[in-house]
Amino acid sequence: MLSSLTIAQAHTKLSKKEISCEELTRACIERIESVDTALNSVVHRNFERALEEAKNIDSNGEFPHPLTGIPYLTKDVYCEEGIPTTACSNILRNKDYVPPFDSTTTERLKAVGAVSLGKTNTDEFTMGASTESSCYGVTRCPWDTTRVAGGSSGGSAAAVAADACLFALGTDTGGSIRQPAGFCGCTGLRVTYGRTSRYGVMSMASSLDTIGPLGKTVEDVAMILGTIAGKDPKDVTTGSLPVPDYRKALTKDVKGLRIGVPKEYFIEGIDPQVEEHVRSAIAVFEKLGAVTREITLPHTKYAVAAYYIIVPSEVSSNMARYDGIRFGHSEKAADLVDYYHAVRSAGFGDEVKRRIMIGTYALSAGYYDAYYRHAQKVRTLIRRDFEEAFKEVDVILAPVSPTPAFLVGAHTDDPVAMYLEDVFTISQPLAGITALSIPCGMSKENLPIGLQIMGNQWGEETVLRAGHAYEQATEWHTLTPQL
Amino acid sequence: MALSPTDVRHIAKLARLTLSDAQVTKFAKELTSILDYVDVLKEVDTSAVEPTAQVTGACNVLREDAVEPSSAERAALLSTSPLPIVDNQIETPSAHG
């Protein structure tokens, strides 16, 4: 099956004319058509335009960039010119929002000739850990369709794991790339805040949102990152550090790499199988010559609480733009204030409303210092934990999630239980650092288990090198679900 | 801290959301559970700590005050509105009732 190729393999075959871009694109389309009734990972199909682009690429016959002619899917929050982009929300779905412009990331991919196949499912405006809050319904885990694919980039992770595309784009605010990658058994990278441009990607919490890749191997993720990373004048929070050749960092050598194992990430409540597989992965690194030591990140237990003040506060502000005027859902109303009420009440789902209200409350007069400002100070302490740790170690290894994929409906109407699913993936965004999620085992129930490799700010080369070395020594990333 | 139905109605009004009575009851319970959970932050002494609003360290990123072509033109941007377009403007319901 051509759609199961990695980017690196497909690029070689395309360059040697062993396969055409049209064949590769058709293979992905056929795969989506055969598996997506069960998974519900793709919410807008862009097949005609994809095939047209593929034919153009074939007629040019040149594949100068590793991503030229490579079919991919994009989370439904990236604006793509002419393609419906709805954040899986009724507020943009009822009159499908069709952006008249491209996000910087999709523009950069377009410029090198990557082929966009369509949009993937997400929790509404990326708010969730299970893709259950999507207006299109849940995305299911390719390994067990009674379970969630994770979230919020659940559609992207499921599609990559099911070989429905060669790679996908996601967003990670509090784990939304890493956790679904862990649940579905693919590779996902949260970048350092500012490494990639957020321009044209619908915001959730602007001080934490990052956009990044999900792929089949660390090498593929490194190639995607090299293409999309870098300064963008349209997003002033992007850093001006030069973009290295991330593929060159994949030396397979981790001798002497200093690894920290934080005791706060191996706590009561974690599935023993998760701990067992993550500890085995750490042992693999030791065998490869890395040096491990236990470290402490003492403010870890406060991360989820600080996050669930800061994020809703930023959400309540960012969601103000969805007022039914410039885009989206519309209602009949007597006056403008009634119109805002009518549009927003009909258009937003429950989780979005919860976050808007918590944020409105936390930012309101009399509560700002006690909630928002206090949470921002706790954020400083969490950053300092990592600053101290990275004086002693190069990377930090931990689980991605406390359990493998959970059952659909397990946390319905228990928002705090859902928030705790992100317990291991929230500190890194608060600190602004990078972290990679790669497969490191299978549970007895045949569900993937994810290993998280955290690196310092701008430490993508180090985490990718570590992830690649592990991948070369193990075979977990080669396992594929039976669909 | 428990939020009463009156609190929830007030917050919803500030956020321009209309809630049914059943929703008020449901959200009062759920929002209270979230606020109870975040109460754990009270344990942390932050008296000598500066807040973190952003992590890049960037400060006052400026550009030349020059007109540049936009990534989308006026007509295309207006075309996404669900409301009537009159003289290149979006006609909204009246702000004065």
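Predicted model: local features only at pLDDT ≥ 70, side-chain atom pairs only at ≥ 80, totals over all residues.
Buried residues make up 63% of the 483 residues in chain A. The secondary structure of chain A comes to 16 helices and 13 strands.

**Chain A as a whole**

Chain A has a radius of gyration of 21 Å. A compact globule of 483 residues would have one near 23 Å, so the value for chain A agrees with that of a compact globule. Along the principal axes, the C-alpha atoms of chain A fill a box of roughly 65 × 55 × 45 Å.

A:Met127 gives a local view. This residue is found in the loop between β3 (115-120) and β4 (140-141) of chain A. A:Met127 and A:Val311 are 184 residues apart in sequence. In space, the C-alpha atoms of A:Met127 and A:Val311 are 9.7 Å apart.

**Chain B as a whole**

Chain B has three helices and two strands. Along the sequence they follow the pattern α-α-α-β-β. The radius of gyration of chain B is 23 Å, while the globule rule gives 13 Å for 97 residues. The value for chain B is well over that of the rule, so chain B is more spread out than a compact globule. The C-alpha trace of chain B spans about 55 × 45 × 20 Å along its principal axes. Of the 97 residues of chain B, 16% count as buried.

**Where the chains meet**

How many residues of chain B are in contact with chain A? There are 43 of them, and they meet 54 residues of chain A. Three helices of chain B, α1 (5-14), α2 and α3 (74-78), each supply at least two residues to the side of chain B that touches chain A. Which of them gives the most? It is α2(B), with seven residues. By class, this side of chain B has 27 nonpolar, 12 polar and four charged residues.

**Helix against helix**

| Helix pair | Angle | Axis distance |
|---|---|---|
| α10(A) and α2(B) | roughly 130° | within 9 Å |
| α12(A) and α1(B) | about 95° | 9 Å |

Take α12(A) and α2(B). The crossing of α12(A) past α2(B) is right-handed. From α12(A) come A:Arg354, A:Met357 and A:Ile358. They meet B:Phe27, B:Glu30, B:Leu31 and B:Ile34 in α2(B). By class, this contact has five nonpolar, no polar and two charged residues.

Next comes α10(A), residues 303-318. The axes of α10(A) and α2(B) cross at roughly 130°, which makes α10(A) oblique to α2(B). This crossing is left-handed. A:Ala305, A:Tyr308 and A:Ile309 of α10(A) make the contact with B:Ile34, B:Tyr37 and B:Val38 of α2(B). The contact of α10(A) with α2(B) has six nonpolar, no polar and no charged residues. B:Ile34 takes part here and also in the contact with α12(A).

The last pair is α12(A) and α1(B). Their axes are 9 Å apart, at an angle of about 95°, which makes α12(A) roughly perpendicular to α1(B). On the α12(A) side the contact is made by A:Met357, A:Thr360 and A:Tyr361. On the α1(B) side it is made by B:Ile11, B:Ala12 and B:Leu14. The residues of this contact divide into five nonpolar, one polar and no charged. A:Met357 meets α1(B) here, and A:Met357 also meets α2(B).

Definitions and conventions:
Residues numbered from 1 in each chain as written. Chains lettered and ligands numbered in written order. Left-handed = near helix turned anticlockwise from the far one by under 90°. Helix = DSSP H or I, 4+ residues; strand = E, 2+ residues; numbered from the N terminus. Contact = placed C-beta atoms within 7 Å. Nonpolar A, V, L, I, M, F, W, Y, C, P; charged D, E, K, R; others polar. Rg over C-alpha atoms; globule rule 2.2 N^0.38 Å. Buried ≥ 20, exposed ≤ 12 C-beta atoms within 10 Å, placed from the backbone. Axes fitted to C-alpha atoms, helices over the stretch in contact; angles between N-to-C directions. Parallel < 35°, antiparallel > 145°, perpendicular 65-115°, else oblique.
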